[in-house]
Amino acid sequence: LPEYAFIGRSNVGKSSLINMITNRKSLAKTSGRPGKTQLINHFLINKTWHLVDLPGYGYARVSKSSKKTFQKFITDYFNQREQMVSAFVLVDIRHKPQPIDLEFMAWMGENDIPFSIIFTKADKLKPQAILNHVADYSAVMMETWEDMPNYFITSSSKEMGKDELLNYIHEVNENME
Ligand code: GDP
């Protein structure tokens, strides 16, 4: 079955998003404490694809060698998983584009790993502020790649963006058949 990886810095709202997608209230461990999701978890969704929960990256505060180790772990993972279709990089909609996230996306691009952006916690901003933040992101992405990746605006607490995300994945799956 096709696999889609979900990745983001700790506390970005990954567990909550996975709970929303899997319709569970408390399957992935959610916690206000950063860095809780450590292992790779697989979830079967609609019996048609696998959601792969990759460990959060947060290498802003780690050494160069830990960063290398993490990157190797992720590239190895993508290289050995033939079923891997693409990744979703989660970013908190409230934050301006962060170097750590941009660096990670640049690295995904260099390694030919297709990805989309998932903006999380959209309920925390007013619609206009959401547009502004997405525009900020687009501006930065265009500088680097002349393109804004595919993106989704989500809120796990308001069940927002779920259908768009699921429809997108189902469409990609259908086009692969
Ligand atoms: P993870 O570390 O990336 O798995 O993040 P969690 O899912 O554990 O969420 C981190 C914190 O953000 C928790 O306190 C959540 O309640 C909160 N959170 C997650 N998603 C949302 C959301 O969509 N809206 C709001 N308002 N808070 C959220």
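## A salt-bridge network

Asp92, Arg94 and Lys121 are linked in a network of salt bridges. A salt bridge here is a side-chain nitrogen of Lys or Arg within 4 Å of a carboxyl oxygen of Asp or Glu. This is a predicted model, in which local features need pLDDT of at least 70 and side-chain atom pairs count only at pLDDT 80 or more, while totals for chains, interfaces and linings use all residues. Residues are numbered from 1 along each chain as its sequence is written, and side-chain values use heavy atoms, with hydrogens and water left out.

Aspartate 92 is buried, at 7% relative accessibility. Buried means under 20% relative accessible area, exposed means over 50%, and partly exposed lies in between (1.4 Å probe, protein chains only). Arginine 94 is partly exposed, at 31%.

Arginine 9 sits in the loop between strand E1 (3-8) and helix H1 (14-22), and aspartate 101 sits in helix H3 (residues 99-110), so the bridge ties together parts 92 residues apart in sequence. Helices (H or I, at least four residues) and strands (E, at least two) are DSSP runs, numbered from the N terminus. Arginine 9 is partly exposed at 26% relative accessibility. Aspartate 101 is buried at 4%.

Lysine 96 and aspartate 136 form another salt bridge, at 2.9 Å from N to O. Lysine 96 belongs to the loop between strand E4 (84-92) and H3, and aspartate 136 to helix H4 (residues 127-145), so this pair ties together parts 40 residues apart in sequence. Aspartate 136 is partly exposed, with a relative accessible area of 27%.

## Aromatic pairs

The structure holds 9 aromatic pairs. Rings of Phe, Tyr and Trp (its six-membered ring) pair if their centres lie within 6.5 Å; planes under 30 degrees apart are stacked, over 60 edge-to-face, and the rest tilted. Tyrosine 4 and phenylalanine 88 have ring centres 6.1 Å apart and planes at 35 degrees, so their pair is tilted. Tyrosine 4 is in strand E1 and phenylalanine 88 in strand E4, so the pair links distant parts of the chain, 84 residues apart.

Are these two residues buried or exposed? Tyrosine 4 is buried, at 0% relative accessibility. Phenylalanine 88 is buried too, also at 0%. Ring pairs link Tyr4, Phe6, Trp49, Phe88, Phe152 and Tyr168 into a cluster.
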